[in-house]
Each structure stands twice: as C-alpha cells, then as structure tokens.
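Here's a walk through the side-chain contacts of one protein. Have a look at the sequence and the structure, then read on.

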Amino acid sequence: MADQGKDNRASLESKVRLSHDTMDKKAQHVALDDVEGIEPSVETYAAIMATNRPNPRGPGYIKLYLLAGMIFLCSTMNGFDSSLMGSINALPNYIEFFGLPTNGNASTGIVFAIFQVGQMCGALFIWMTDWYGRTWHIFFGCLGVCIGTIITALSTSLPMFIGGRFLLSFFATCAHTAAPLYLVEISPAAYRGTIAGAYNTFYNVGSILATSSVYACHLHLADRGDLDWRIPLWLQMVCPGMVCFFIKFFPESPRYLIANDQHEKAKEIITKYHTNGDPNHPLITLQMKEMLGTVQGVSKATWKDLLDLRVLVETRSSRYRLMLNVVFSWFGQFSGNNIVSYYLPLMLNGIGITDTNTKLILNIIYSVVGWVFSVGGARLHDVVGRRKMLMGSTLGMTICLALVAAGAAGKVEYGNSAAATMSIVFIFFFGAIFATGYTPMQPIYPAEVVSNKMRAKAMGTFKLTAGAAGFLNTFVGPIALSSIGYWFYVFFVFWDTFELAFMYFFFVETKGVTLEELDAIFEAKNPRKASVEAKKTQKRIIKGERINEGVNV
C-alpha cells in the first residue's frame, strides 16, 4: 500500500512537471493552455503558485484588502457588544438601575446568555444567503442591529433591555455569519487564512473600543445618572451603520454567482481580485474549472430549502465535514475563553481587585493583548498551518489554565497575594495564546472545511453550536465561579487536554488549498492523513520549482 501511495504521488507530480515542458524557458511561467490540459488538483495549484504567484501588493489585492476592511466592521460590531456587557456589568449605576447583584447570579447570566439565544435563532436563517446572496444578508443583519441598539439604549426595564439584546443578537448573527462566509469565498487560497482570518481579529478592536468607551464614560459621567452606561450602548450603531451604507457597492461572492449561473461575473471578480486584473493568468482557468465542477447537478436554492438539511449528511465526507464544523464551533466557545472574557471583573473580585476603574483598565489591556496576538496569528495560520497552530495554542491554554487555577487556589486557601498576581498574569497569557491560535479561525475553519453547497447551512450549524456552547458557559459561569471557585478552571484544564487529542487525530489541514480542492481530501479514507500528505506534496513541488528556477537563471 505504501508503494502504491508513492506511485500515485509520483504520478501526480509528473503530470504537473510534464505540463512545464511547454513553458517558455526564459520566463518560466505556466501558460494558460498548460493549465487547461491538467485536471484541477492540489498539485496543479501548487505548481502555478510556485511559478506564477500573483503579487499580493498589486492593485487587485489592494482593492480586496479595502473591501475586506469594511467587512471586518461586522466583527468589530460583535466584539463591541460582547465586551461592552462585560465592562458595563462592572458599573454601579447599571447594576443599581436594573437591580442586579454585584457578585453575579442567574439574572446576570440571563442578560449575557440571551445573546446566545438570539444567535441560535438567527442561525436558522443563514440558508437565505444561498437564496438572495451574501451581501444582502449582511445588509439586513446590520440594519437590524441598529434597530436592536435603539431598543437597548432606551430601555427602562430589565425585560425591555433583554428583549433589545435578543433582537440585536438575532440580526448581528445574520451579519456576523454571512461576513466570514463571504470572505472565505472571495479570498485567494494562498492568503485566505490571513485575509479571512483577520476578520475575527477585529472582534478585539470592538472589545477595545467598548471597554475604552465604558471607562471614559464612567470616569467623566459616573455622577450623571445612567449616561455612563447608556452612551456606550448608543455607540453600537456606528459599525453596522457604516456597513449598511457601503456593502451593496461590493461584488457578490464568486461561488454564489457560479451557483446562480452568472459565470462571467464570477470570472471578472477572480480576475480583478486574485490576479490583479490579468485575464490570461492560469489561476483564472483553474479556479473556474474547480468552481464549475462543484455546481454540476446542483439546483438553485429556494425558500423551500429551509428545512432540507440532507446536504449536511448525505455522504460520508459531508458527515466528516459537519463533524469538524460542529466540533470546532464548540471548542471555540468552550475552552475557558468566555469565562475569562465575560467574567473578568468577577474573577478580579475573587483575587482581591475591587476598584471599578482598575477592573476597567485591566479589561482594556486584556482586549489590546488579544488584538495584537490575533493579528499575528492570522498571518501565522497561512505560514505554519491550521493544525499546528490550533494544537500548539490548545496546549498553551491548558498550561495557563492550570497555573490560573493554582494561583486562585493559593489566594483563596492561603491568602497568598503573590499567587493572586500569578493568576492574573496567566489569565493574560491565556488570552494571548487563545487569540493567536483560535481567534482568527473561529468563524473561518468551520467555513473552510465544508463544501460549497454545504457552506450556508453549515455556517448555521456553526452559529447554533457556538451559541449553545456560549449559552452554557455564560449562564452557568457566574454560578459555577461563585459555587466552586477555582475548581471551574481545573475542569477546563482537563477539557482542553481532550481538545488537543481530538485535534491531533481528526482535524484536517486547510492551509494553501482552494475550497474545491478540499473535496478530494475529504473523500479519502482518512481525511486528516490525506491533508497532511497533500501538504508534503505541495512542499516538494514548490521546492522543486524553486530549484529549477535557480538552475535556469
């Protein structure tokens, strides 16, 4: 079997090298006709990128970066809300206005957890992106967030506030789920991890803006009634308002256009954004072939598709894809991260830090650390690869949580102030490690591992799963922290250890592979092993091409 595998890989590589015999010996570039003669595959893509890689600083890529930058505001919007409530929860005026306890209870949990309920409800409608397009779903989602913001900012009672947060989270899910789907589909494979992965890093930008606004308002308006928490709520409208204004000036996803028989428009987008406007670049022919191959025999989506979920489980490969989608969605919300981010003020109380301004400043620092490390992590996912990054960060998180638990135990059991300081330090280390490995991939990996026809519905399962995990740990979190204290961190030490083992045996590498080329990997008997072998083959081809270029020079 091993010899047969080697023969197959050698055959694939030889097909690519044979195509290069017709190259222009001086320019060493793959010609368009050569690509038309080769079946689309991981090896073909690797050969083209080795000899004819588009300039990532070219005019088309610059436009793509600007487009992506506006879409990133959907993530900023999501991060603003999440950290906004964590910071507002530390304000005496907010707690007094709604009659909430200072140490957290079921009411506190409901205020936070209703956002997960709204997410789960909003996720049921993500299939509509296959019906009327990705950009329209983003538009309606951001418009709804503006409406939800008005209700929460004008709330006069806790039920009204909770209702407004439900609407806000419902529509935020529409935008926040369609946005990474759109970026994954419009980004070139070689930089998909960087461009699409950078999307979720702007969650931390939202966190910084939210915690900074709450800190500033509390510092200057704490004696002005409820203005110190209402003004930050109004600021939630800024990002979705900007996206609403600009989004319909952007092109649709080329994969959505292909699925709706708009092939020329899709080709124009690939030409403009992936090859810097070069209509003769071999990547255009290759990607068009791959995308057209995935829609053969697939009918257009209609409203009747709402309850038809067979596409998610119809084959062994689709079930494996769905498993990765659901599992990573859960891991991304249930690895100890939400407990740290949402309830940092309560955790600080537990180790003796009670000053409101100090807690707000530490929240801001936590968000800044997360953003810096997540930006670097987005790029590293395209350099190191998804598997190594996720496994390495999970190992680091496990160690940090063990030390946080030890420090908290030292403070609680023995009154050791040094142990309390160590606990806070490793909370920040945990945040940095999580941001590097998980934050860029939270919405991206679940979208990458599913096929084009699965993607919209699978992003619905992503949000449902993430919402369920978030609801569980945000509702149970304050109760567990007040009841069992540092033992709650110990639980996550063992859970993250399980995550690490699961990733090693089942997670597929998606770095540097087009979405369509992943189809062949998932059809393999062992997709994880097939993806690792594909990366090794890519490296051999790229290395061989570079050696050939050096010889010809």
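## Salt bridges

In this predicted model, the count of salt bridges comes to twelve. One of them pairs Glu-448 with Arg-192, with N and O 2.7 Å apart. These two come from distant parts of the chain: Glu-448 sits in helix 23 and Arg-192 in helix 10 (residues 192-195), 256 residues apart. Glu-448 and Arg-192 are both buried.

Next up is Lys-453, which forms a salt bridge with Glu-314, the closest N and O atoms being 2.8 Å apart. Here it's two loops that get linked: Lys-453 is in the one between helix 23 and helix 24 (455-484), while Glu-314 is in the one between helix 16 (282-295) and helix 17, and the two residues are 139 residues apart. Lys-453 counts as partly exposed at 40% relative accessibility, and Glu-314 is partly exposed too, at 42%.

Then there's Asp-519 with Arg-321, a salt bridge whose closest N and O atoms are 2.6 Å apart. Asp-519 belongs to helix 26 (residues 518-523) and Arg-321 to helix 17, so this pair ties together parts of the chain 198 residues apart in sequence.

Arg-134 lies in helix 8 (residues 134-153). Is this residue buried or exposed? Arg-134 has a relative accessible area of 2%, and the cut-off for buried is under 20%, so Arg-134 counts as buried.

The Arg-134 side chain makes a polar contact with the side chain of Asp-130, at 2.8 Å. Leaving out residues up to four places away in sequence, Arg-134 touches Thr-129, Ala-178, Leu-181, Tyr-182, Glu-185, Glu-252, Ser-253 and Tyr-256.

## Aromatic pairs

How many aromatic pairs does the structure hold? There are 43 of them. Trp-131 and Tyr-132 make up one, a stacked pair with 6.3 Å from centre to centre and 25° between the planes. Both residues are partly exposed: Trp-131 has a relative accessible area of 39%, and Tyr-132 has one of 23%.

Another pair is Phe-328 with Tyr-438, whose ring centres are 5.8 Å apart; the planes are at 25°, so this pair is stacked. Phe-328 lies in helix 17 (residues 316-333), and Tyr-438 lies in the loop between helix 22 (417-437) and helix 23 (445-448), so the pair ties together parts that are 110 residues apart in sequence. Phe-328 is buried, with a relative accessible area of 1%, and so is Tyr-438, at 0%.

## Charges over rings

The charged end of Arg-230 sits over the ring of Phe-97, 5.1 Å from the ring centre. Arg-528 lies over the face of Tyr-504, at 5.9 Å from the centre of that ring.

## Nonpolar cores

Which residues have the most contacts inside the largest nonpolar core? They are Ile-71, Ile-138 and Phe-507, in a core of 111 residues. Ile-138, setting aside its neighbours within four places in sequence, is in contact with Ile-71, Cys-74, Ala-175, Ala-178, Ala-179, Tyr-182, Val-243 and Ile-247. A second, separate core has 21 residues, including Met-85, Ile-88, Ile-95 and Leu-158.

Ala-178 and Tyr-182 turn up among the contacts of Ile-138 and also among the residues that Arg-134 touches.

## The chain overall

Now for the wider view. The protein chain has 27 helices and zero strands. Of its 553 residues, 59% count as buried. As for contacts between residues at least 6 apart in sequence, 81% join residues at least 24 apart.

Definitions and conventions:
Residues numbered from 1 in each chain as written. Predicted model: local features only at pLDDT ≥ 70, side-chain atom pairs only at ≥ 80, totals over all residues. Heavy atoms only, no water. Phe/Tyr/Trp six-rings, centres within 6.5 Å; stacked < 30°, edge-to-face > 60°. Buried < 20%, exposed > 50% of the residue type's maximum accessible area, 1.4 Å probe, protein only. Helix = DSSP H or I, 4+ residues; strand = E, 2+ residues; numbered from the N terminus. Lys NZ or Arg CZ within 6 Å of the ring centre and 35° of its normal. Polar contact = N/O pair within 3.5 Å; in protein donor to acceptor, adjacent residues only side chain to side chain. Contact = heavy atoms within 4.5 Å. Salt bridge = Lys/Arg side-chain N within 4 Å of Asp/Glu carboxyl O. Core = buried A, V, L, I, M, F, W, Y, C linked by side-chain atoms within 4.5 Å.
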